[in-house]
Amino acid sequence: MWRVGIYTCLCWLSVSVPLFANCFDFSQRVTKPLFAPPAMKNTEPGMDRGTRSMDGVNYGAFRAIINKPIGAVYEWLLDHSQWKDMSRTKLAVKQRKLPGYAAFHEVEVDVNVWAFIRLQWVEQWGYAVLKGTPAAPVEILASYQKASGTDHLKRLCGSVVLKKLDANRTEIFFYEEALAPHYDSEKILQMHKDHFETIGSKKGQ
């Protein structure tokens, strides 16, 4: 789980959520991830992380093969509670219909950072089936970004790519870039690794 311990002030959530913010214009179908997937050596995960010199934005990328059907991984990806520490976080998910997307979510995030200190922001998530159909996907691209809210999280954008390899194996690629206090590239990469381990540990799927 991520982003809970890195903030120290209370900011108010903007009610207005524009369709374009930071990285993506969701009025158009997004078909490419923000970052090229790092190469894997045989079946070993590919990883990359760093800080962009032009703007100080931290990023992390993780690519690996997981022994799960793509449908099970997609179901996990649609559940936003998997991405947050729910012991401190309240989520409100609004589903919208946008052309070109199998699903589109606006997620209101409310985090209890410390005592009476809370942080609030809105994330947008667009899920596009690039190959196959929503019922039988072959390749899925999830694109997300912070759309409004706390100034402590100055930038948050990411991509998740799922590719079906066979009935029981899926290639997964996580990428995120962010600008926030104490949230460096190492923590972003570790978050991806944790998500990968969490999906792999799910039983009955």
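**Salt bridges in the predicted model**

Arg52 forms a salt bridge with Glu177, with the closest N and O atoms 3.0 Å apart. This pair joins parts of the chain that are distant, the residues being 125 apart: Arg52 lies in the loop between β3 (46-51) and β4 (58-66), and Glu177 in strand β10 (residues 169-179). Glu177 counts as buried because its relative accessibility is 4%, and the limit for that class is under 20%. The model is a predicted one, and ten salt bridges are found in the structure.

Arg52 also takes part in a salt bridge with Asp55, for which the closest N and O atoms are 2.7 Å apart. The relative accessibility of Asp55 is 34%, so this residue counts as partly exposed; the class covers values between the under 20% of buried residues and the over 50% of exposed ones. The contacts of Arg52 with Glu177 and with Asp55 belong to a network of salt bridges that links Arg52, Asp55, Arg155 and Glu177.

A further salt bridge is formed by the side chains of Glu171 and Arg63, at a distance of 3.0 Å from N to O. In general, side chains of opposite charge can pair when their charged atoms come close.

Terms used:
Residues numbered from 1 in each chain as written. Predicted model: local features only at pLDDT ≥ 70, side-chain atom pairs only at ≥ 80, totals over all residues. Heavy atoms only, no water. Salt bridge = Lys/Arg side-chain N within 4 Å of Asp/Glu carboxyl O. Buried < 20%, exposed > 50% of the residue type's maximum accessible area, 1.4 Å probe, protein only. Helix = DSSP H or I, 4+ residues; strand = E, 2+ residues; numbered from the N terminus.
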